[in-house]
Amino acid sequence: MWIIFAVLSAVFAAITSILAKVGIEGVDSTLATAVRTVVVVVMSWGMVFLTHAQNGLGEISKKSWIFLILSGLATGASWLCYYRAIQMGDVSKVVPIDKLSVVLTLVMAFVFLHEDMNAKSVIGCLLIGAGTLLMVL
């Protein structure tokens, strides 16, 4: 089931990039990011209440709070940089560079989470990196 959600994530991310590029025209990138964030917050909390997940709020550990907050800060920084980049550049060039996060994530997962990094993963990372360079040059 995870693969369905992963594919849907990619589809929605692609749609997001196109909609954002059109929507950000003539709008400060920081303001645009804030508007997008409010929509995400409302939608996320709507899903929490729709699925009755709010009952688990008190069960979140201190460690989880810290890492979720740090993850939120990283997301915010990513979104601010992304919106500024698509405002200044072509989406067709910004998105491939943004997707280098796949390579960075695999490397960080290996270093910090001790996940496997086999020959297939290394070759995939190299191909993604080479493909990104090919697309942006």
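The largest nonpolar core is built from eight residues: A20, I24, A32, Y82, Y83, I86, V91 and V94. Such a core is a set of buried Ala, Val, Leu, Ile, Met, Phe, Trp, Tyr and Cys residues joined through side-chain atoms within 4.5 Å, where buried means under 20% relative accessible area, exposed over 50% and partly exposed in between (1.4 Å probe, protein chains only). Helices α3 and α4 each supply at least two residues of this core, and the largest share, three residues, comes from α3. Keep in mind that this is a predicted model, in which local features need pLDDT of at least 70 and side-chain atom pairs count only at pLDDT 80 or more, while totals for chains, interfaces and linings use all residues. Residues are numbered from 1 along each chain as its sequence is written, and side-chain values use heavy atoms, leaving out hydrogens and water.

Now follow α3 itself, residues 62-88. Helices here are DSSP runs (H or I, at least four residues), numbered from the N terminus. The buried residues of α3 are W79, Y82, Y83 and I86, and they pack against α1, α2 (29-50) and α4 (91-98). Contact means heavy atoms within 4.5 Å. Look at I86: not counting residues up to four places away in sequence, I86 touches S17, A20, K21, V91 and V94.

Finally, turn to helix α1 (residues 2-23), where you will find L8. Is L8 buried or partly exposed? L8 is partly exposed, because its relative accessible area is 38%.

Key: The expected span of a helix is 1.5 Å times one less than its number of residues.
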